Amino acid sequence: MTTQHEEMPLDVLFVGGGPANLAGAIRLMQLVQEKNLEIEVGLIEKGDAIGAHCLSGAIVDPRALAELLPDYRQKGCPLEQERCTDQFRFLTVGGSFSMPYTPPYMHNAGCHVISLSRFCRWLAEIAEEMGVMIFPGFAGGEILYGEDGRTVTGVRTVDKGVDRNGEKKSNFEPGVDLTARVTIFGEGPKGSLLRELHRKLGLFSDNAPQTFETAVKEVIELPADSAFLASDTTVVHTLGYPLGLATKGGGFLYRMQGNRIACGLVVGLDYRDSMLEPYRAFLQYKHHPFIADMIQGGKVIQQGAKTLSSGGYLTMPRLAVDGALIVGDSASMLNPQRLKGIHTAMKSGMLAAEATVSAIEKDDTSEKILAQYPASVSRSWIHAENYPARNFSQALSKPGLAKFIHIAAQHLTGGRGFKDPMPIEADWPTLKPMPADKRDAQAATPPGVDGTLYVDKLTGVYLSGTQHEEDQPCHLAIGDLRICEEKCYEKYGNPCTRFCPGSVYEIIDDPPGNRQLKLNPSNCLHCKTCEIKDPYQNIIWNCPEGGGPNYTVG
Ligand code: SF4
């Protein structure tokens, strides 16, 4: 299929409409106005609207926001809760207790609760008013390079209107070549374009691979007379049940506006138990008496899933290459100690914008000049905050009480601990083979679902607003089906059928005696857990032509 692609020349292209790139776009336009420059700036976002792929209530440290827009309250920043009043609990199988000590970095004083999707839409309105051209519903399909084959010169968006066999349909629209002097990648965790850039230029270190956690989250509407709504607490964090101490992760409840709360469970993807199912664990979490009491009488109004790049400072990739910069979760900016990354993502976008303007003014967008960006990250409060947390994620991955001993040692030594740097292992090789007697357990009944407060996976997909054009090439590329249907089935019992929160992967017997992997790509929540956790690295997640979840309230 030979296709002509229209070219749209820009000076700067932001790929991804999350907080890092939106803050970067605003900072860039502030500099353009201050310096009276003429710079064409565009931003593409794969979701059908800005914020559509930004999930759930979140806690934001307003440090970067206040630097970017000191009058953010007057500008109508949509805050769900101005103040965070924390509670930290450890959940046992049937009970709970207040954690006797919580380090200062875990407290949220001075932070706000936000709805990330509403927050991003608000940032996008400001960026647009300042002159940024925003194109929602356009996914980056491939990176464009200059004649040297190394310098990034932009992105070609995904063709629209191609059928499942790769043939053009009557509504075919070829992807557009958005060319730019600087392209800023803020694709979120496990970006598909960054994967290609890494293959070409080597961005990530084999010794310190990026590591991830998957969050299953909901927005729940509580009855007006809910005891939790009447309490002073706006933020609850929990450790323990149902993950125990063998698996990294924990749960949360945040009060939002009106009667709404965000509730979620975060699961570290370096888990070892091949039978673990994050979605099932989330249901168990909600059924725990401490949580069930708080959410009693509620109704789930939105659900979704998302991964976080939680490996921290040591897993940051190369941040600048010829013609391009990498920001936000794509660049491991999240602080794993605080499990907060919106403020660091925004700051990274702002620093990238400053380096970009400076490079354009010098008329030199080579890596050498764009290296101002990683240098300024190293001098910024991102470094001051994340460097002492450099070994935290590794400590948290230790099984049992060992994690607390490592964390205490790091706390006393400014992050050094017993070993510095602590080794980092990728998430995909950690699974242990499934014990032979566990295969039947796959059919075990999920913890109670009632269709209202406790919903099954498919209802969750419905509540995420996920939609895809059915007749398009499958965006999940399986390298070798025999690995799934034979090797992985025998050794791990196809963990994709459990770790995928969208029920995209099924093993069916069709015809009887003929085991097959069946994909339901229309259910995909774009969380990327499958590409990260597949033990054979046999799954590649590519951007579909549009669609995906449609997060609105959360
Ligand atoms: Fe997430 Fe992959 Fe399932 Fe899509 S197919 S919902 S990216 S695990």
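How many bridges join β6 to strand β7, and in which sense do the two run? I started my notebook with that pair. I am working from a predicted model.

**Entry 1: β6 and its partners**

I find 3 bridges between β6 and β7 (residues 96-98), and the two strands run antiparallel. I looked up what links them: a hairpin, with 4 residues joining β6 to β7. For one facing pair I noted leucine 91, which stands opposite serine 96 in β7.

Next I checked β6 against β17. β6 covers residues 86-91 and β17 covers residues 235-240; I count 6 bridges here, in the parallel sense. I picked arginine 89 and asked for its bridge partner in β17, which is threonine 238. I record β6 as antiparallel to β7 and parallel to β17.

**Entry 2: the sheet with β1**

I then traced an open sheet of 4 strands. Its order is β1-β14-β11-β10, and the pairing is mixed. At the edges I find β1 (7-9) and β10 (140-145), each pairing on one side only. Neighbouring strands are turned by 25° against each other on average, direction ignored.

I zoomed in on β1. It is joined by 3 bridges to β14 (residues 177-179), and these two strands run parallel. Within that pair, I see proline 9 opposite threonine 179 in β14.

Which helix packs on this sheet, and which strands does the helix touch? I found helix α4 (residues 192-201), touching β10 and β11 (152-157). The direction of α4 makes about 30° with that of β10.

**Entry 3: the sheet with β8**

I moved to an open sheet of 3 strands. I read its order as β4-β8-β5, with antiparallel pairing. The edge strands are β4 (57-60) and β5 (79-81); each pairs on one side only.

I checked β5 against β8 (residues 112-115). There are 2 bridges, and the strands run antiparallel. I noted leucine 79 standing opposite isoleucine 114 in β8.

Helix α3 (residues 116-129) packs on this sheet. I see α3 touching β5 and β8, and its direction makes about 80° with that of β8.

**Entry 4: α8 and α10**

I turned to helices. I took helix α8 (residues 342-361) and helix α10 (residues 372-379), whose axes come within 8 Å and cross at roughly 140°. Why do I log α8 as oblique to α10? Angles over 145 degrees would count as roughly antiparallel, and 65 to 115 as roughly perpendicular. The crossing of roughly 140° therefore makes α8 oblique to α10. I also logged the hand: α8 passes α10 in a right-handed crossing.

I listed the residues in contact. From α8 I have Ser348, Leu351, Ala352, Glu354, Ala355 and Ser358. They meet Gln372, Tyr373, Ser376 and Val377 in α10. By class, I get 5 nonpolar, 4 polar and 1 charged residues in this contact.

**Entry 5: salt bridges**

How many salt bridges does the count come to? I get 25 salt bridges.

I looked up one of them. The side chains of lysine 35 and glutamate 361 meet in a salt bridge at 3.4 Å, N to O. The cut-off is 4 Å. I placed lysine 35 in helix α1 (residues 19-35) and glutamate 361 in helix α8, so the pair ties together parts that are 326 residues apart in sequence.

Definitions and conventions
Residues numbered from 1 in each chain as written. Predicted model: local features only at pLDDT ≥ 70, side-chain atom pairs only at ≥ 80, totals over all residues. Heavy atoms only, no water. Pairing = 2+ DSSP bridges. Axes fitted to C-alpha atoms, helices over the stretch in contact; angles between N-to-C directions. Contact = heavy atoms within 4.5 Å. Parallel < 35°, antiparallel > 145°, perpendicular 65-115°, else oblique. Left-handed = near helix turned anticlockwise from the far one by under 90°. Nonpolar A, V, L, I, M, F, W, Y, C, P; charged D, E, K, R; others polar.
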